[in-house]
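The sequence and the structure come first, and the discussion follows them.

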Amino acid sequence: MSGPQPSEFPDDWEQLERCVSVLRRRALQASELSAVRTFSDQFLIKFLRARDGDVELSLKLLLNYQRWRRESPEISKCLSPSSVLGLLNTTYHTVLPQRDHTGSRVLIYRIGQWNPKDWSAFQVFRVSLMTSEIISTETETQRCGLKVIFDLQGWSLGHALQINPSLARKISSVLSDSFPLKVRGIHLVNEPMLFRPVFTMIRPFLPEKIKQRIHMHGADFQDTLSDFFSAPVLPPEYGGEGSSIEEVCQDWTNQLLESEELLQQIANHPTGDITVTPEDSLISEEVQTEQLSEG
C-alpha cells in the first residue's frame, strides 16, 4: 500500500476564500438557482474540495446536487435514521472508526442483512444518503474521500427486482456527479452470479474514473482486501484486526440516531445548506413579487 495521498487542493484560507467567492458568484448567477439569495462558505467548501478547487467543476457538482434533491424527493426528503432503525439494527451498514492509510473513510454495506420484503430499495438508499450527508461535513473526508465495501453475500432475486433502471441511474448519479464526496474505491466481495445483471444496469451510468476504481474480490476476499486496507482498519470478519462488525455497526447506528435532528434539517432545507436559514437561502414569494412588479 502506498503512503497518504494529500489532496490536490491546497487548504490555505486565502486561496480557499478566493475560490469560495468566485463559486458563490457563479452559483447565484446560475439560472437554475435564480431564487437563491446566498450560500455559506462552509457549504461551498464541500463542493470545492470534492473537485480539487476547480470552480467550474464545483459549480456543476453543486447544480447537480440541487437538481438531484429536487428530482428525488422520495429519497432526499426523508432522512430520518429512526425510520429505518430496524434495518440499521440488522448490522446492515457501518462507517469504520479508523480511516485507511490515505485518510479515506471506509464504509461497509452488508446486502444480505437487508430483507427486501421488509425494506424498499428507496429506504435502503436513504441510509446511504444519511451517512453521506454526515461524513461530508468532515474536513478530512472532504479532502481524502471515501472507499466502500459492498458485501453481496445473500444477494437474491428479491434484491435484484428492487433495482429498476430509474433507481440504478439515481444510485450511479450520487456515486459519480451529484454529491460532494470523492469516491476513491468500490470493493465488491461475495458477489454472486445473480448480481451481474444489476451491475450491468448500473455500470453504463458510471464515469470511466469510477469504473476503474471498482474491484471485485469474490469469495476469497480476505486475501485481496488486505492489498487495499491495513489490518487495524477492517473488522475480523473481513480479515482485519479491528472491532467486530456488530460493534462497529451499532456504533455508527448510534451516531446516525444522534444526528437525527441535523439530518431532518438538511432534508427539509431548500438547498441543504443548513448554515443559512431557509428564509435566507431562498427569496420569499413576496420579495420575488416585488421584484417582478418593479421590473
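A residue is called buried when its relative accessible area is under 20%, exposed when it is over 50%, and partly exposed in between, with a 1.4 Å probe and protein chains only. The model is a predicted one, in which local features need pLDDT of at least 70 and side-chain atom pairs count only at pLDDT 80 or more, whereas totals for chains, interfaces and linings use all residues. Residues are numbered from 1 along each chain as its sequence is written, and side-chain values use heavy atoms, with hydrogens and water left out.

**Overall make-up**

The secondary structure comprises 16 helices and five strands, where helices (H or I, at least four residues) and strands (E, at least two) are DSSP runs numbered from the N terminus. Of the 295 residues of the protein, 49% are buried. A contact is defined by heavy atoms within 4.5 Å; among contacts between residues at least 6 apart in sequence, 75% join residues at least 24 apart.

**Helix α13 and its surroundings**

Helix α13 covers residues 245-258, and its 14 residues reach 20 Å from the first C-alpha to the last, close to the 20 Å expected at 1.5 Å a residue; the expected span is taken as 1.5 Å times one less than the number of residues. Its buried residues are Ile 245, Val 248, Cys 249, Trp 252, Thr 253 and Leu 256. Seen down the axis of α13, these buried residues fall within an arc of 140 degrees, so they line one face of the helix, the arc being that of the directions from the helix axis to the C-beta atoms. The elements that cover them include α5 (85-88), β1 (93-95), β2 (105-110), α6 (121-135) and α14 (260-268).

Leu 87 belongs to α5, one of these covering elements, and is buried at 0% relative accessibility. Setting aside residues up to four places away in sequence, Leu 87 touches Tyr 92, Gln 113, Trp 114, Trp 119, Val 124 and Val 127. The C-alpha atoms of Leu 87 and Gln 123 are 9.0 Å apart, although the two residues are separated by 36 residues along the chain.

Side chains of opposite charge can pair when their charged atoms come close. A salt bridge here is a side-chain nitrogen of Lys or Arg within 4 Å of a carboxyl oxygen of Asp or Glu, and by this rule the count comes to nine.

| Pair | Closest N to O distance |
|---|---|
| Glu 138 and Arg 105 | 2.8 Å |

Lys 211 and Glu 208, by contrast, both lie in helix α11 (residues 208-211), three residues apart, about one turn of the helix, and Glu 208 is partly exposed at 47%. Salt bridges that share partners join Arg 99, Arg 105, Glu 138 and Glu 140 into one network.

Arg 110 sits in strand β2, and its side chain makes a polar contact of 2.7 Å with that of Thr 91. A polar contact is a pair of N or O atoms within 3.5 Å; within protein, one must be able to donate a hydrogen and the other to accept it, and residues adjacent in sequence count only if both atoms are side-chain atoms. Beyond its neighbours within four places in sequence, Arg 110 is in contact with Thr 90, Thr 91, Tyr 92, Asp 151, Tyr 238 and Ile 245.

**Two residues with positive phi**

Most residues other than glycine have a negative phi. Asp 52, which is not a glycine, has a positive phi of about 50 degrees; Asp 52 lies in the loop between α2 (41-50) and α3 (55-71) and is partly exposed, at 26%. Asn 190, also not a glycine, has a positive phi of about 55 degrees. Asn 190 is in the loop between β4 (183-189) and α10 (196-202) and is buried, with a relative accessible area of 16%.
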